Structures are given as C-alpha cells and as structure tokens.
Amino acid sequence: MENPYMPYPVRIDDIQIATEDKSLKTFKFVFLNEGDEEKFAYHAGQFAELSIPGVGEIPIGIASSPVEKGFVKFTVFRAGVVTSHLHNMKVGDIMGIRGPLGNWYPWDKLENKNVVIIGGGFAFTTLRSSIVYMLDPANRSKFKNIDVVYGSRSPGMLLYREELFEWEKRDDINMHITVDGTDDPDWKYHTGFVPQVVEQNAPKADEDTYAIICGPPIMIKFTQPSLTQLGYKPHQIIMSLENRMKCGIGMCGRCNIGKELVCKDGPVFTLEQINQTPKEY
Amino acid sequence: MDTCIKKIRALAADLLDKGEVERVIGFAKGTIPMATSPIAIGSKQEIEKLVFNSTCGLNLANFVTKQKGKTAIIAKGCDSRNIVTHIVENQIKRDEIYIIGVPCTGMVDKFKIASLFKDEITQFEEAGDTLTVSSLSQTQTLNKQDYLRENCSLCTHRNPVLYDVLAADLVEEQVLENPFPDVDRIEALDPDARWEHFENLTKNCIRCYACRNACPICYCPTCFVDEAGPQWVGKGQNKTDVDTFHFLRAFHCAGRCTDCGACVEACPMGINVRDFTRKLNKDTLEMFGWEAGLDLTKRPPLDAYSPQDPNDFIK
Amino acid sequence: MKFITIDKKDWTKGIDKSRKTYQLFGPVKDENGCKIKELDKDLAPEMDYHESVMSAKSVLFPQTETLLTANLDESVEDHHIMKQAKNEYTPRAVLGIRPYDAKAILLVKLNFDTDEYRDPYWCDAYEATTLVGLGITHPGPFDFSTSVGSGPFGEEGLDILMADLDDHYLAKVLTPKGEAYAAVCGFDAAADDKESQALFDILQLEAEKNITSHVETDKLKDKALLDLHEAPFWDDIAFACINCGTCTYVCPTCWCFDIQDEAKQKQSSRFRNWDTCMSPLFTRHATGHNPRGAKVQRVRQRFMHKLKYFLDKYDQGIMCVGCGRCVKSCPVNIDIRQVAHTMNTFEKKD
C-alpha cells in the first residue's frame, strides 16, 4: 500500500476571493503528475488534507464535483496558521493534497429519492460538490426532486453566488437562497434565518425524502427541530461533521466522537448514528 | 505530623456541617504505597477519606482556583505561601478560601526510599519519625529525617504563613547558615561541567508537563509551549526544545516559586526539576531580599519596580 | 528447534554476534529508573530489571519521528514536493521485553495496520523487529496483566520467550523471526521439548499465583456506551487529574500523535510527536471551539477509550495490558483499576 501520509503534488491554478470580507478564498488546484488525478478519484462529500510543506496540513471539504475534470477546488476560511499562509500564496505555487479522505454522502441510498440540501455559511463546499454532481446530465435522472436551502449573513457572504443564481433559473432544482439581512433593495430572494426558511419552504418528509445538512453547529442545532417538525426521522437526516484532525486516516486518535473517528467513519453521519454517540463535537 | 489527622477531619467536618464552605480540599489515601491523591470533600459523610502524612507531597494550592463558592484547603507551610501568591496575583480572593494550616515536618523522598529496595515497595507506615517500609523481600526501619525530600531538608517556612485555623501546634523553624548548598554545588562546577549537569537533567524528559501542571504558579491559560500562532517552542524531543521548556518555565516562576517540590514529586522520570528554579530563588533573595508568598501586600520583584532595584548590570 | 538453553556466560557473546546485523534495544538502568534504550556497542541489556518506567513502544513508535521532508528552495527542480524521510528500518531486536509490552504491540498494530491504510513507518519498523521476551517470575504489585488477557509468561506478540533460571535462560522459540535471531546469536543448545514446556507451564502457574492485583472488566461490554458516558462518577475521578501526559506516555497501548511541520532556512520536515488526549489543546478547533474543553471531559475520554470504545470497536478486550505503569507514575494517583471497577459495577439509576 502507498504511504497514506504522502500528498500528491499540485499547483495553484486559480485563486478567487469567495466572500466580500475576503475571509474565504476558492483555490483551484491542478495535479503535477499525470495519473494522480485518477488516483484521487473522489465522491461528493469527501474531504482532503491540503498540505503546505514547512507549514502544515488542513482538512477541507472538496468543493469541486467528481464530474468536473482536470482540477479540484477547495474553498478555505482563514482561521489559523496554515489557512493564513494559504491565503497569502499565489497562482503557480506548489503544494500538496492528500486524499480523498473520509466517507461521502450516501449516493446509492439517495437514488430515486427526493433530496433536500440545507447549508449555512461557508459549510456549503461539499454541498456544491453534491449539487453539481446531481445536476450533471448523466446523473440528474437518478434523483427525484432537489430542494436547496442555503443562507448566509449577507449577499456578499454567499459562496458560489453566480452558480447559485444560475441554478435558481433552472426548473430541475428548487433553490431557496436566503440571507440574514440586507440593505440591497434589489435582493430577489428570501430574507431570514435558515431554520425558518426550511420550515416554510422545505418539502414535508415522506419515506422517499432525505435531507443533507451542513453548517456551523449553531445552525444545525436550530434547523434540526424544523426538520423534525416536517416529519424527518433521524435516519433521513444526513449530516457532515467537523472536528480537529491531523492524520485524516484514523490513526492519530484525535478526531473521535465516542468510538467513531470523524475522519474515517465520517465525516458524514446520519442523525440516527450521531444520537448514539457522546455529544463531543 | 501524621497524628494531626484527627484534628484536620474534625475541623473539616465542622466547616462542611455548618455550610461555611462548599468543599474541603485535602489528600485521600492512595491506592498504592507512599501515594496520596488530592480530593475535594463535599459532605461530612466523606470526612474519613482525608489523610495527612509524610507522603502528601503535592501542593494543594494548585487545586483551589476557579472554584465556585468558598473552599477550605489543608495547607502546609509552602502551600500557604502559594495561596498568598494566588491572592496577590488575583487568582483567588481571600474570602473565597478558608485555610486549615498544618505545621509540617517534611515530606519523604519516595525515589530515595525506593532505591533502597531491589523490588517494589508493598507497604509504608509511619509513626512519628519512624518509617517502616517493606517489599516482598525485606523490611526496613528508617528515620524520616534521613529521607526527607531535599527541599524539605532546606525548608525555613514549615509553619503556614497565612491561616484561619491551625490543625496542630506550630513547629520550630530551621535556621540555616546556608540555605542554598545545592545551588552552591552547581555554581562551583566549571562551565562545561555545569552544562553537562543540565544536559543530564533533561535527557530523560518526556514533555509530559507533569511538573508544570502540578505547579500552583503555572496557571497561564495557554502556556508558552502550547502557543501555535506563532509557535515559540517545538513540542518534540529536540534537545534545544526540551531545554527551552525547562529554562523558560523556571524564569516564569522566578520570584514566585516557594520550593514546594511538587514539580519533583510529579515527575515520572525522577528529574530534579528544582535545579532549574533554585538559583533563581537564591538570586531573588540576594538581589531583592525577597521570598515568595510571605507578604499579602507586595507583588513579586519581577512585576514591581523600585528605584532601589539593583542596576549594576546597566553599563 | 523449539526450546533452547542459553548459559548466561554465553549470553553476552551471543547477542554481541547479532550486533553485526541487528540493532539491539534492551533495559538499561540509570539513576532515575530503568528504560528500554538502544544498546550501543558497549552497552549490555540489564536483564535482571523489574519494570521499565517507559514501555518498549518507542522502538516502533519513537516520540519524535520525521515522516516527510521537502526542499523549499525554488531554484531546485522538485522544490516543495514532499519525499518520504529516510528512516532506518534495519533489523532490530528488543531484548528482555515483557510479555505485556509485546501484547500491547499487537493491540497498537490494530491502529496502524488497517484494511484501508497502512502506516509505513510503524509497520516497517514492526516487520523489522524481533521481540525477545523475558517472563516475569515475581510480578510487581501493580501488575494486573492476568486480568486483561495477558500474563507474566504470556506468549502473544513475542518471537522468543525466555525464562530466567538463575545460571541460564530457557528460551522458547515462537516464530521464524525468533528462530532467525537465535541462529544469528549462535544459541543452539537444544532442550527437550516436553520437559521444557512442562517447566514453562510450572513457571507460568507460579508467576500467576504471585499476581496480587486483579481487576474485573467482564461487564464492560454489555454496558451501554452512553450510560457510561453520562454517569455521575466522572467528576469525582477527574478532580485530582492535572492533565499532564504521564499516563499516556508511559502506557504501551496509547498511540495518539500530533503531526507538525517545521522549516529551517530552505529545508522543511513534517514529523510526528506523541500527543496526549489529556492536553486541553488536543481537540481545540482553529475557531476556538473545543469539544473537550473541560478537564472532566478529557479524563472521561481517556478511560472511555481504553475501557469501552476500543472494546466495542475491535472486540479484542480492553485497550490495557495491565502493566501498571500509569498506576505507579500518575502524579496524583488516579488508578485505572479503580476506574475500571467503578465502570464495571455501574448501574444506571432511573
């Protein structure tokens, strides 16, 4: 087996400022070695360790989608040592990516089902990967209705704005974009917190509907009751968790919640599974 | 000293019964010979758990801060000095702590006693100054005075300096012609030998931080070795990093260390951690006439300025 | 050849022969206790030791180990591309390792060698290492190895098990690795199979009779994980804990580590250090959120991991081999045997 600590060398191909306060940037990476991209074949929902020699590694959800070839994209929030360093890097710089790591959203279970995607803030990265995957012509027919509720503090803080507005125009996906508040008189979409928008716009649960929810702990805490009110059972609510990680391969022991390792048994868990773990996340 | 436990228990029971304190922090009997474990008693019913003897080598002042409500503590001389330092440094208010003072005749050096036996010690008993120590293969009767920890043998503050009640009569304080013979021994070495002495000291360090965590004056929310942005010190076994941790920690304790010996007591590798701080204690005494934890009204010399401070190093 | 007699007069000569092809490790005493150290050419293992303060885990899992390196000089062709560090995995032998430490290695292997991933550093070191064990005829008062699936003459994980019979060792060869090592040393005085096994059986029985410390863990498997987690006794257990790393670092079955990068001028290296779940920073997110920010949560985590999570996950007993090092070394005398008893006898009150 290959050394799981060894990253694939990549080059930064593009950097976009993702939010108006510049705290998030979207990085586009290209693999240096031919064949590495195939080895890195991933599913929507997985993450990877972005590796900067001499600085460190960070676990980040993969924002690009498996159907997008030739590159991988990550949207990174500037929080600490490594992310700050990454934010100061330039197009053409060389670094590494280790992965893909973790499990993914249960795509085989979601076939022929209605999918409701709920995201908040900058946790939308793997949800973007999921939406692009589902909307791809090769995949769209595998799923029934797709609803998306995505909210952030203000319009300038929404990730992937142009894509969101494009999706909104489509008729094979129902977008419910919301912001906590805005001064923009031309704002066409919702205003209000994600839990309320979910209550008012998300479809009621039935045995053919699943919800994927990804966001900061506080958003998840208040959205769960809304979903429960709409009738979603714990096994129908799919969540992606975060935790402090180092190795990403289930060996350093840091990211455990009870006996589950978030990097290997997760990061995707159903609410039913999470209810059986200690609340240490 | 081991005989004052009845008085300690009675005092503690009374405080809890009257609801004057939320808890009494003392020592509980250990599960292995020569060990005791810090404990917080919340009710009169648990009072028999408290013990006090010559193996109570940790500093309970380490456990009294950040508690809700009033706390009673069983304090030896050094512990009480650390409580004074806590009050001066705003880690606890005087009215939040009730001090049951215990005049102390010293703690035993567990490593030194263990080295007398070729197998593990299975029993340790003390009666006054007589220690009866047994392993599977032999029993020895020792005089406690010959097996005191080094800091206890050099202690000049055996009586608590601050207390609400005493659990025993005051004991006579030692008067030492030279309170720092251990520092003198090291200072007498030439630079190369001195460097080797300190390299030997740190060679077994496993960076467990038991010394730092057992020390009552090490209470920084984020210790300098744990800082990540930027990172000052490496966390691994690089010799320079290991040395830096010990030397810098000693400097952070300068002027505040009461030589309680909890650091040495806690170290699993038997390192004489006090070798790092003793010289600084000597210097503070000689340069500032200062011993930590004796005065509720003064701040330690490294955070106070006086025009009389020595300044002959300013050229 | 299953059993070998090694005259103690021939022991040093034999192991010195092996130094040509094996790096040797063994117990070495110093003024602070006994450690398992690398044996430089003049250092002989002190086989008459009792316990080592630290376990043998550092032979396979050094406290600080370089994983990858990179050259940051942008004028060099493969700059910023990480390469595997050139660590030495030449054959090595650990002489005089205790049976509980060898069993611990098997438990740790479950972590580093999985179906999905193989840690090359630990696994290569493991494959290169021969474990020459020494049975314990007089277990110390902290040894509770028989309660947890090991024992003073346990064979699990060893390549050779030796018994100290005053003027000679009786060695039982357990694996091809053990055979190879004995051959290199020239230890070839065969002993009668039946007699030798009978002797080992007696020694084992006697040694196990000398174990005075017993712990019951039979009911842990059936207790509900969340019931144990939410139990009210954790606050009392956690009070004395000072959150140092002593228990985790002396423990042969603890494996948690931290990965860090350091750069000096134009060279960078990524290495791992032992880390401890007792540290407040262990689970602290970059945002400041800390799922185990309170001391009691960390103390609970350690014991739940050792006595419940590992048990449930791997079904190979608890994550403890009864060596007693944590019991002896804990500065505040928190005793895992007591905690195991508390957990094992816990009944949830409705």
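Predicted model: local features only at pLDDT ≥ 70, side-chain atom pairs only at ≥ 80, totals over all residues.
Which residue is the bridge partner of A:V179 in β10(A)?

**View 1. Strands β9 and β10 of chain A pair at A:V179.** A:T191 of β10(A) is the bridge partner of A:V179. Strand β9(A), residues 174-179, runs parallel to β10(A), and two bridges join them.

**View 2. An open sheet of seven strands in chain A.** The strand order is β10-β9-β8-β7-β11-β12-β15, with mixed pairing.

**View 3. The interface of chain C and chain B.** Here 35 residues of chain C are in contact with 40 residues of chain B. Together the two chains bury about 2,900 Å², with 56% of it on carbon and sulfur atoms. C:N32, C:F239 and C:N333 lose the most area on the chain C side, together 21% of what that side buries.

**View 4. Polar links between chain C and chain B.** One salt bridge crosses the interface. C:K328 forms this salt bridge with B:E120, and their closest N and O atoms are 2.7 Å apart. Between the two chains, 12 residue pairs are in polar contact. On the side of chain C that touches chain B, β3 (33-38), α9 (246-250), β10 (257-264), α11 (325-329) and α12 (336-344) of chain C each supply at least two residues. The residues of that side comprise 13 nonpolar, 12 polar and 10 charged.

Conventions. Residues numbered from 1 in each chain as written. Chains lettered and ligands numbered in written order. Heavy atoms only, no water. Contact = heavy atoms within 4.5 Å. Buried area = accessible area lost by both parts, 1.4 Å probe. Salt bridge = Lys/Arg side-chain N within 4 Å of Asp/Glu carboxyl O. Polar contact = N/O pair within 3.5 Å; in protein donor to acceptor, adjacent residues only side chain to side chain. Helix = DSSP H or I, 4+ residues; strand = E, 2+ residues; numbered from the N terminus. Nonpolar A, V, L, I, M, F, W, Y, C, P; charged D, E, K, R; others polar. Pairing = 2+ DSSP bridges.
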